Amino acid sequence: MYNDIDFYFKTLECNHPCLYKMINESKFDSLRIDLKLKCKDDMEVKDFYRILLSLNQYTDGHTQVLKQKIFNSDPSVFLNLKVIDNTFMLNNDRVLSINNKDITEIMIEVKSFSSKEGGIHAKELNICKILPEYLSVFHGIKLPYIIKSINQKGDTNTCVISQLDSLRRVTREKLLFNFYPEESVAVIFYNSSDFNRYEREFEKTLSLGFTKMNELKIKHLFIDIRSNGGGFIHYNNILLQYLRKNNNKTVMHTLVPKVVVEEQLKLNYERLNKRFPNNLWGSLRKQMILLLKRKKILKFERTGIVSERIKSKILKKCYKGNVYLIQGRETYSAAILLAEEFKRKQIGVIVGEDNGAPIPFPSGPINYTLPNSKISFTCSFCYSWYTPPVETCNGFILPDIEYDVFNKILTIEDYKQIIEYNRNNKK
């Protein structure tokens, strides 16, 4: 187990671009020492897993000890409690115990299993998704839950919960169009920014959907990213080319660790050597290219930062109606960057609640496996930010129109109400 601890900490030290953004170096070193002190020679993997998970609170959302090996529950179910500070709330009553197990220490430990990076609503949902499996694995507590609580008057109550709540989804598909032609409304459920081998199908679905919107003369388009956990901005850019936007230039700045800088520079020179013959003419061509890129290469070599403009293509027959982006507590990673670009390009109105994490954030997670326990974890290898910056509140992109969207199947009446709110805001 000691080797696993060293492997974990060394991996983060060598590969994370901004490891000490959330925790200072001395605290990070002390965590390694504390963890080794908690380890025992005869410790079971389950118990080792438990203390490793507590490291997640000190790292970003893309750098995490993964929970799947020990928590095999359905990620679409949760225990429907409110979380306020270090307290669980049930119907405005403070929860005291679950099946006679005091809740105080449970709350503190379960909170430590997830990154502090997330928003209030996102952290609450993560805790309530982890809690049932945590109770089962580490305390042998399973459904039904007998919950004892106390109200503001000091009266105690007992409630029995026989089943968990489910996260409701309109569709499990990554991309889906819904149309309400009579109300001139269309909805895109953009549930993932990762289409990998299915890029052609993604582009085809978008093309057919926007063609139909033009035929129906749709005036109001809603893009629902509440369930989008991220992926790649490449797919966001394909979607955005169908929407009218301003001409603001977006530049992405990326910081990578020294080891990555060295690898990329080496690859760059290898590509040039393969591209041009090893003669006088080839050498001259290589030198010309290197001279043209000199400033960028020197800056990259010195700072580890590379900057590049994101191409913002707009189709001739792009959609010119009103656009509403619906975000929520499960909106993460590349989906947050979509909301950021949506705001920067002034495409339309953002609706819903705060999303899952603040910008900017480390990303590009790489998977690793500890050599002895075989526990998996991820580590971010880059840190990106975009200019010009957009207005945020402590890094969070807030909605222009606050609307209760969590775990709701929105109906045409909801869409009509949002449209009306927007009209009133313009007056």
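Start by selecting Cys14 and Cys379: the sulfur of Cys14 is 9.5 Å from that of Cys379, the closest cysteine sulfur, which is too far for a bond. A disulfide here means a pair of cysteine sulfur atoms within 2.5 Å, and the structure holds 0 of them. You are looking at a predicted model, where local features need pLDDT of at least 70, side-chain atom pairs count only at pLDDT 80 or more, and totals for chains, interfaces and linings use all residues. Residues are numbered from 1 along each chain as its sequence is written, and side-chain values use heavy atoms, with hydrogens and water left out.

Cys14 is partly exposed, with a relative accessible area of 42% (buried is under 20%, exposed over 50%, partly exposed in between, with a 1.4 Å probe and protein chains only). Now select Cys318, which counts as buried at 9% relative accessibility.

Next, colour by charge and select Lys27, Lys111, Lys116 and Lys123, which gather in a patch of positive charge on the surface. Patch residues have over 30% relative accessible area and no salt bridge, with like charges joined within 9 Å; a salt bridge is a side-chain nitrogen of Lys or Arg within 4 Å of a carboxyl oxygen of Asp or Glu. Zoom in on Lys116, in the loop between helix H4 (103–112) and helix H5 (120–139). Lys116 counts as exposed, at 51% relative accessibility.

For the last stop, select Asp41, Asp42, Glu44 and Asp47: a patch of negative charge on the surface. Asp41 sits in the loop between helix H2 (25–38) and helix H3 (45–53), and its 75% relative accessibility makes Asp41 exposed. Helices are DSSP runs (H or I, at least four residues), numbered from the N terminus.

Definitions and conventions: Patches are made of residues with over 30% relative accessible area and no salt bridge: like charges are joined within 9 Å, nonpolar side chains (Val, Leu, Ile, Met, Phe, Trp, Tyr) within 5 Å. Accessible areas come from the Shrake-Rupley method with a 1.4 Å probe; for residues, only the protein chains shown count as cover. Lys and Arg count as positive and Asp and Glu as negative; His and the chain ends are not counted. The place of a charge is taken as NZ of Lys, CZ of Arg, CG of Asp or CD of Glu. Helices (H or I, at least four residues) and strands (E, at least two) are DSSP runs, numbered from the N terminus.
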